[in-house]
Amino acid sequence: DCLFLEPSNIYALYNLACAEALLGETSSALDYLKKAIKNGYKNWSHMQSDTDLTNLRGTTEFKELLNSLRHGEQAQEKKEETASAEKEKEEKIKLAAARESAEETNKRAMELIRFAEQRRIKLEEEARELAKERAEQH
């Protein structure tokens with residue numbers, strides 16, 4: 001009934017595989033396991049130790065299913081590690097760019113301060129000369 005309402009229910013498919021295995025229906029049990037995996041079942045460690053599936057463990061198909069799940073999980077973990085490393089690398093690049101930008105801003109600010117100081121000195125000199133000229137005129 002459950003599969004009639006929800007044909008991709010991984011737990012119903014897995015449990016049917018267990019029931020078929022217990023009844024000695026190896027082929028049907030493997031078919032249900034394949035359907036469960038195809039629809040998202042990923043718990044290979046449970047599948048490996050589930051006593052309901054004992055009579056399937058010697059079959060090549062069961063071993064292949066188990067290995068594909070195990071390797072799929074390892075590949076997913078590797079993919080997640082790679083994504084995490086890439087994200088960390090991007091963050092470091094952004095941080096380095098922000099630091100570089102801050103350094104450039106500081107450098108530009110220092111240039112402006114030096115320019116302003118030079119301009120102040122020049123204006124003071126001009127003011128002194130102007131004051132001197134006016135004093136000489138009077």
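Trainee: Where is the place of E125?

Mentor: E125 lies in helix α5, where a helix is a DSSP run of H or I with at least four residues, strands being E runs of at least two, and both are numbered from the N terminus. Bear in mind that this is a predicted model, in which local features need pLDDT of at least 70, side-chain atom pairs count only at pLDDT 80 or more, and totals for chains, interfaces and linings use all residues. Residues are numbered from 1 along each chain as its sequence is written, and side-chain values use heavy atoms, with hydrogens and water left out.

Trainee: Why is E125 called partly exposed?

Mentor: Buried means under 20% relative accessible area and exposed means over 50%, with partly exposed in between (1.4 Å probe, protein chains only). E125 has 40% relative accessibility, so E125 counts as partly exposed.

Trainee: What makes the contact of K34 and E61 a salt bridge?

Mentor: The term requires a side-chain nitrogen of Lys or Arg within 4 Å of a carboxyl oxygen of Asp or Glu. The N to O distance between the side chains of K34 and E61 is 2.3 Å, and therefore the pair meets the definition. This pair links distant parts of the chain, with K34 in helix α3 (residues 26-38) and E61 in helix α5 (residues 60-137), 27 residues apart. K34 is partly exposed because its relative accessibility is 33%, and E61 is partly exposed because its value is 34%.

Trainee: How do you know that R108 and E111 also form a salt bridge?

Mentor: Their side chains meet at 3.4 Å, N to O, which is within the 4 Å of the definition. The two residues are three apart in helix α5, so about one helical turn separates R108 from E111. R108, at 48% relative accessibility, counts as partly exposed, as does E111 at 33%.

Trainee: What separates E124 and R120 in helix α5?

Mentor: About one helical turn separates them, because E124 and R120 are four residues apart in helix α5. Their side chains meet in a salt bridge at 2.5 Å, N to O. E124 has a relative accessible area of 35% and is therefore partly exposed, and R120, at 37%, is partly exposed too.

Trainee: Which residues are linked in a network of salt bridges?

Mentor: The network of salt bridges links E117, R120 and E124.

Trainee: How many salt bridges does a search of the whole structure find?

Mentor: The search finds five salt bridges, among them the pair K34 and E61.
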